[in-house]
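Subject: Structure handover

Hello,

Here is the structure I promised to pass on. Please open it and keep it beside you while you read my notes.

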Amino acid sequence: MNQKKKLLVVGGSGFFGKSIFEYFKNKKQIKYNINEIILISRSFIHKNFDINFKKFKFIQKDFMKLKKIPESDYIIYCLRSNSKRKSEKYVNYFFKLIKNYKKKPKILFTSSGAVYGNRIFKQSERKKKFSENDPINLKKISKLDKKKMKYALEKIHLEKKFHSLGKNNYKVSIARCFNFIGKEMIHSNQAAGSLIQDIVKDKKTIKLNTSINVYRGYLNAEDMVVWLLTILNYSNYKCPIFNVGSSTPTNIRALAKLIGKIYKKKIVLKKLNDKIFDYYVPSTTKANRLLKLKTWISLNKSVNLIRNYKYEKNFNSNTNI
C-alpha cells in the first residue's frame with residue numbers, strides 16, 4: 001500500500017490556495033497519495049472555507065512569525081508581497097525553516113509568464129508563443145508598465161533563489177503561470193476577471209474595457225491544479241521549468257461574446273484598434289511531451305461552470321498573473 005503524503009501550501013489565501021482547496025474538496029481520488037493539505041496564510045481565506053474538512057488544516061498566521069512549519073512531502077510556495085525586498089526575506093526564511101525538516105520535501109515555486117517580458121505586437125509582426133527555452137530578456141521586461149516590470153523582476157530573482165535549492169540536493173520545480181478561468185477569478189484584476197464579476201453579480205450588460213486585440217490562453221482552474229501537482233511531483237535537482245496555461249489563443253472579445261451567448265447578456269465592446277496585439281500565450285509543448293499534461297476542461301465548459309457561483313465580497317485574492 002502506498003504511503004499517504006502531505007501537501008503544504010505557503011501563501012494559501014489567494015487564487016492558487018483557493019483553487020487547490022476546491023480541487024481536493026471535490027475529488028474522491030487524489031493524485032500522488034496526498035491525503036492531507038495544510039494552507040498557511042496571514043489572511044482569512046473565505047467565510048465558506050471549511051476548516052473542519054478532514055483533509056485540511058488552515059494555519060492563519062504571519063509567515064515570518066512561525067517558528068516552524070509542518071513536516072510535508074510536497075510544498076507549493078506561492079507567497080509574495082508587493083516588495084522585492086520583502087519577497088526575498090520571506091523566501092530566505094522559508095529556506096531556513098525547511099532546513100529543520102527530517103526529510104527533504106519536493107518543492108514547487110509558482111512563478112509567472114511575466115518573466116518573458118513585453119508581449120505587445122504590431123499587426124505586421126509575428127505573434128509568438130512564449131517557450132521555456134526563450135532567454136530572459138531584460139530589454140523586453142523594461143517595456144512592460146512599471147507595475148508589471150517590478151513583478152517580473154521579482155519573479156526572475158526568486159526563480160534564481162529556488163534554482164539554488166537544487167544545488168543543495170532539494171528536488172525543486174518552477175511553474176511559470178499564465179492565465180486561468182474559473183469561479184476563483186472573481187476578484188482578479190485581469191480582463192477575464194471583470195467579465196466573470198459581471199456574470200456572478202448578474203448584471204444585464206457585460207462590458208469589455210479594452211480596445212486592443214488581447215489574446216490569452218485560458219486554462220481551467222481545476223486543470224491548473226492537476227498541472228501544478230504533476231510538475232511538483234516531477235521536481236528534481238535540475239529544477240525544471242514549465243509553462244502552465246493553455247496554448248490555445250483566445251481573443252478577449254471572443255470570450256466576452258461567448259459569455260454573452262451562454263448567459264444571454266448584452267455585450268458592450270469598445271471600438272477595436274486592430275493594429276496592436278497583446279499576445280500573452282504560452283507554448284506548452286514541454287509539459288505536453290514530458291508530463292502528458294493537456295487541457296481537459298474546455299473554455300466553453302469553464303464558462304458554463306461559473307453559472308452557480310455565489311458572489312462573495314469577503315474572498316481574498318492575490319491574483320496577479
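First, a term you will need: two residues are in contact when heavy atoms of theirs lie within 4.5 Å. Next, the ground rules. This is a predicted model, so local features need pLDDT of at least 70 and side-chain atom pairs count only at pLDDT 80 or more, while totals for chains, interfaces and linings use all residues. Residues are numbered from 1 along each chain as its sequence is written, and side-chain values use heavy atoms, with hydrogens and water left out.

**The whole chain**

The protein chain has nine helices and 15 strands. Both are DSSP runs, numbered from the N terminus: helices are H or I with at least four residues, strands are E with at least two. The chain has 321 residues, and 55% of them count as buried. Buried means under 20% relative accessible area, exposed means over 50%, and partly exposed is in between (1.4 Å probe, protein chains only). The accessible surface comes to about 16200 Å², and 47% of that belongs to carbon and sulfur atoms. Accessible areas come from the Shrake-Rupley method with a 1.4 Å probe; for residues, only the protein chains shown count as cover. Take the contacts between residues at least 6 apart in sequence: 82% of them join residues at least 24 apart.

Helix α4 covers residues 146-166. Its 21 residues should span 30 Å at 1.5 Å a residue, and its end C-alpha atoms are 31 Å apart, which agrees. The expected span is 1.5 Å times one less than the number of residues. The buried residues of α4 include Tyr151, Ile156, Leu158 and Phe162. What do the buried residues of α4 pack against? They pack against β4, α2 (84-98), β5 (106-112), α3 (138-141), β7 (171-177) and β12 (241-244).

At the start of α4, a side-chain oxygen of Asp145 comes within 3.2 Å of the backbone nitrogen of Lys147.

Lys161 also lies in α4. Is Lys161 buried or exposed? Lys161 is buried, because its relative accessible area is 18%. Leave aside its neighbours within four places in sequence, and Lys161 is in contact with Glu88, Val91, Asn92 and Phe95. With Asn92, the side chain of Lys161 makes a polar contact of 2.6 Å. A polar contact is a pair of N or O atoms within 3.5 Å; within protein, one must be able to donate a hydrogen and the other to accept it, and residues adjacent in sequence count only if both atoms are side-chain atoms.

Leu153 is partly exposed, at 34% relative accessible area.

**Helix α6**

Helix α6 (residues 221-233) has 13 residues. From first C-alpha to last it reaches 18 Å, close to the 18 Å expected at 1.5 Å a residue. Of its 13 residues, 11 are buried, so α6 is largely enclosed by the rest of the structure. Among them are Met224, Trp227 and Ile231. Asn220 caps the N-terminal end of α6, with a side-chain oxygen 2.8 Å from the backbone nitrogen of Glu222.

**Salt bridges**

How many salt bridges does the structure hold? It holds nine. A salt bridge is a side-chain nitrogen of Lys or Arg within 4 Å of a carboxyl oxygen of Asp or Glu.

- Glu36 and Lys6: the closest N and O atoms are 3.9 Å apart. Glu36 lies in strand β2 (residues 34-41) and Lys6 in strand β1 (residues 5-10), so the pair ties together parts that are 30 residues apart in sequence. Glu36 is partly exposed at 23%, and Lys6 is partly exposed at 31%.
- Lys18 and Glu22: the closest N and O atoms are 3.0 Å apart. Both lie in helix α1 (residues 15-26), four residues apart, about one turn of the helix.
- Arg42 and Asp62: the distance is 3.8 Å, N to O. This pair links distant parts of the chain, 20 residues apart. Arg42 is exposed, at 55%.
- Arg119, Arg216 and Asp278: these are linked in a network of salt bridges.

**Tyr280**

Tyr280 lies in strand β15 (residues 273-280). Tyr280 counts as buried, at 2% relative accessibility. A polar atom of its side chain lies 3.1 Å from the backbone nitrogen of Ala114. Tyr280 and Tyr215 are 65 residues apart in sequence, yet 6.1 Å apart in space, C-alpha to C-alpha.

Best wishes
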